[in-house]
Amino acid sequence: MINTELLILGGGPAGLCAAIEASEAGVKDIIVLDRNQELGGQLVKQTHMFFGSEKQYASTRGFDIAKILIDKLKEDKNVKLWTDSTALSIYEDGVITAEHEGKYVKIKPKATVVATGASEKTLAFSNNDLPGIFGAGAVQTLMNQYGVKPGDDVVMLGAGNIGLIVTYQMLQAGVNVKAIIEGAPTIGGYLVHASKVRRMGVPILTSHSVKEAHGTNNLEAVTIWQLNEKWEGIPGTEQKIEADVLCISVGLSPLGELLFQAGCEMAFIPSLSGFVPKRDENLATTVPGIFVAGDVSGVEEASSAMVGGRLAGLSAALYLGHKVADKDARKADYLEQLDSLRHGDVGKRIKDGIAQATI
């Protein structure tokens, strides 16, 4: 049995910031566990510069933010970084099991921050399993981490921020993006991103979706069609587009399986993208000692995940009995940052969802 003060499940933006904050607040024994070989989560795939304020590393590229956070933790004697490790289960007695360095291990933390992130959603249509059909995260990984073009001619499905940003990244890499199609009647991402791709000649077709993919051994073409107000395909509006890649960016689902297993109260909240844990304003769940941060608590931008990680790390340290002289000022600052990041129509929906999830 491995005993530790604080276990953080997930080494993405939320988990890394939770570890930094907890250490600064006095926690002396912290393990950050991540299933990937490299820490940083979605940050390592993001080549665009962040919005927000200086506190959220505005005007810094995502992979550079990851390096800043990881380098800080590598120098921190209070923190152990476990990569290529997978959390397997959380039991009612607080024991957490994991696969680490090829071994099955049991960990008994005094507190836990779950920052497991989210998984990509997909879409049901004929032949949606053909090689050449990717999630947007997979395309980002190929290009931004490994320098591999996903293909030559691409159709992007989804005009949210991720779809728009990945489209722009593909265009920069010399990929021919033939169109962005979006099921909703309006573009979901920031208009500044949409303007960039439109200026580069890529049409954005709203109220459209994929009807069928074509190909024998790999994707060769995509048939799209227009949707009515009930999101049903309209016969007679089909268009066939030759493409060797279909990139799907239709949202994320919180990875809350461990929270279900731990007995946390969960709620299905569409504006937060799925089942999320009920929690208080300190990000404490209904199970004492378990805190949440990042996309597992509701899908948002990486900037919000980092701030939420800070708040969860502080809350975990206070739960563990550490004295933080400026705890009220820190908490107020993090809540204010989160409020400022949740702006516009999307921010309003997120705030409404969080209100539903708050206990």
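Predicted model: local features only at pLDDT ≥ 70, side-chain atom pairs only at ≥ 80, totals over all residues.
Me: Why is T4 called buried?
Reply: Buried means under 20% relative accessible area, exposed over 50%, and partly exposed in between (1.4 Å probe, protein chains only). T4 has 3% relative accessibility, so T4 counts as buried. T4 is found in strand 1, where strands (E, at least two residues) and helices (H or I, at least four) are DSSP runs numbered from the N terminus.

Me: What does the side chain of T4 reach?
Reply: It reaches the backbone oxygen of D29 at 3.0 Å. A polar contact is a pair of N or O atoms within 3.5 Å; within protein, one must be able to donate a hydrogen and the other to accept it, and residues adjacent in sequence count only if both atoms are side-chain atoms. Leaving out residues up to four places away in sequence, T4 also touches I30, I31, I107, K108, P109 and K110, among others; contact means heavy atoms within 4.5 Å.

Me: What makes a set of residues a nonpolar core, and how many residues has the largest one?
Reply: A nonpolar core is a set of buried Ala, Val, Leu, Ile, Met, Phe, Trp, Tyr and Cys residues joined through side-chain atoms within 4.5 Å. The largest has 44 residues, and those with the most contacts inside it include L6, I8 and V27. Helix 7 (302–319) is among the elements that supply at least two residues each; its share is the largest, at 9 residues. Apart from neighbours within four places in sequence, V27 is in contact with residues including L6, A317 and L320.

Me: Why is the pair K211 and E238 called a salt bridge?
Reply: A salt bridge is a side-chain nitrogen of Lys or Arg within 4 Å of a carboxyl oxygen of Asp or Glu. The N to O distance for K211 and E238 is 3.0 Å, so the pair qualifies. K211 lies in strand 12 and E238 in the loop between strand 13 and strand 14, 27 residues apart. K211 is partly exposed at 32% relative accessibility, and E238 is also partly exposed, at 32%.

Me: What is computed between domain 1 and domain 2?
Reply: Domain 1 (2–119 + 252–357) and domain 2 (122–248) have bounds from an automatic or database domain assignment. They bury about 900 Å² between them, 56% of it on carbon and sulfur atoms; buried area is the accessible area (1.4 Å probe) that two parts lose on being put together, summed over both. The count between them is 0 salt bridges and 3 residue pairs in polar contact.

Methods. Residues numbered from 1 in each chain as written. Heavy atoms only, no water.
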